[in-house]
Structures are given as structure tokens and as C-alpha cells.
Amino acid sequence: MASNTFSAAFVRTSGGWTGAEVDLRDAEIVDDFGDAVIETLGLTGDELALLCVEVEDEWFAIARYRGEDEPRVFLSDVHAIATNSMGELFAEFAGVAPDKEGNGLGVRPAGDFELLSDLGVSSEELLELSMEEGMLPADILSVIAERLSFADELDRLR
């Protein structure tokens with residue numbers, strides 16, 4: 001994982017959100033992401049946790065974990081992942097095959113678009129943000145963090 005990759009996990013507690021940077025360099029399979037989140041945040045049960053990953057100015061992913069629920073993921077662009085092993089894992093997580101040719105059809109989000117809808121960011125808004133011309137992954141994650149009330153934590157970790 002290059003130095004231009006940022007990954008952090010956030011857990012919602014009764015007092016708000018707390019976050020920590022997560023090291024995903026050694027992730028070899030999708031389950032490694034969840035293990036890293038649980039270990040980094042010290043999760044014990046049914047807490048809601050979000051893993052936010054941004055790679056350069058290329059793409060971002062948000063994974064959602066809660067207890068025994070099946071993890072859910074949103075990937076901002078399946079085209080941007082062809083040259084990145086972590087991106088390939090996120091594509092697998094989102095249920096898409098990486099497009100090695102990168103056919104240039106523009107941004108193509110994948111995964112669970114409803115991932116944050118119960119938290120206040122609708123699928124329409126998530127897609128709109130992801131496809132907005134000139135918006136960088138870091139900017140989009142900042143907007144989402146602001147809406148979900150963990151922007152201060154995100155800024156602190158960056």
C-alpha cells in the first residue's frame with residue numbers, strides 16, 4: 001500500500017464517533033479488512049463501524065461492519081482499481097470483477113449504494129457525490145463524514 005493511501009475506521013458510541021487509522025497493507029483477503037477494523041477499534045459486539053479508504057485522487061471505499069451482520073461496502077469507481085491490489089480486494093468485496101482494460105466509460109460506482117442511507121446519506125446522494133466532476137475522494141469522504149458527524153475525527157486522523 002502506497003503512502004498516498006489513507007484508511008481509517010470509525011465506531012459510533014453513545015458519545016459520538018471515535019476513529020483510528022487502520023493499517024491495511026497486509027490485507028490479502030476481504031475478511032482481513034474487517035479483522036483490522038475490529039482489532040484497531042477494539043470492537044466487542046454490536047457496534048457500528050465504518051472503514052473509510054481513499055487511494056490518491058483515484059477512488060474511495062466505505063465498508064460497514066456491525067456485529068454478526070454481513071459486512072457491506074461501497075466502492076466509488078471500479079475502473080480505478082485495476083492497478084491496485086487493495087482496489088481489487090474492494091472490487092471483490094463489492095461483487096464486481098475488476099475491469100483490467102479500463103474502458104474509460106467514466107466513473108462506475110459499485111457495491112451497496114444504501115450503505116449509509118439509515119445514517120443520513122441516501123443512495124442518490126452517495127452516487128451524486130461519487131460522480132461529481134472535480135470532486136476528489138478525500139473531499140467526498142469529508143462531505144460524508146460531515147453528514148454523519150465524524151468530520152472532526154476524520155480531520156484529526158488525516
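Rings of Phe, Tyr and Trp (its six-membered ring) are paired if their centres lie within 6.5 Å; planes under 30 degrees apart count as stacked, over 60 as edge-to-face and the rest as tilted. The model is predicted, so local features need pLDDT of at least 70 and side-chain atom pairs count only at pLDDT 80 or more, while totals for chains, interfaces and linings use all residues. Residues are numbered from 1 along each chain as its sequence is written, and side-chain values use heavy atoms, with hydrogens and water left out.

Ring pairs join F33, W59, F90 and F93 into a cluster. Across the whole structure, seven aromatic pairs are found. F33 and F90 are stacked, at 4.3 Å centre to centre and 15 degrees between the planes. F33 belongs to helix 1 (residues 30-41) and F90 to helix 2 (residues 85-94), so the pair ties together parts 57 residues apart in sequence. Helices (H or I, at least four residues) and strands (E, at least two) are DSSP runs, numbered from the N terminus.

F60 lies in strand 4 (residues 59-66) and F74 in strand 5 (residues 72-75), 14 residues apart. F60 and F74 are buried.

Six strands form an open sheet in the order 2-1-3-4-5-6, with antiparallel pairing. Two strands pair if DSSP finds at least two bridges between them. Strands 5 and 6 pair over two bridges. F74 has G111 of strand 6 as its bridge partner.

Methods
Buried means under 20% relative accessible area, exposed over 50%, partly exposed in between (1.4 Å probe, protein chains only).
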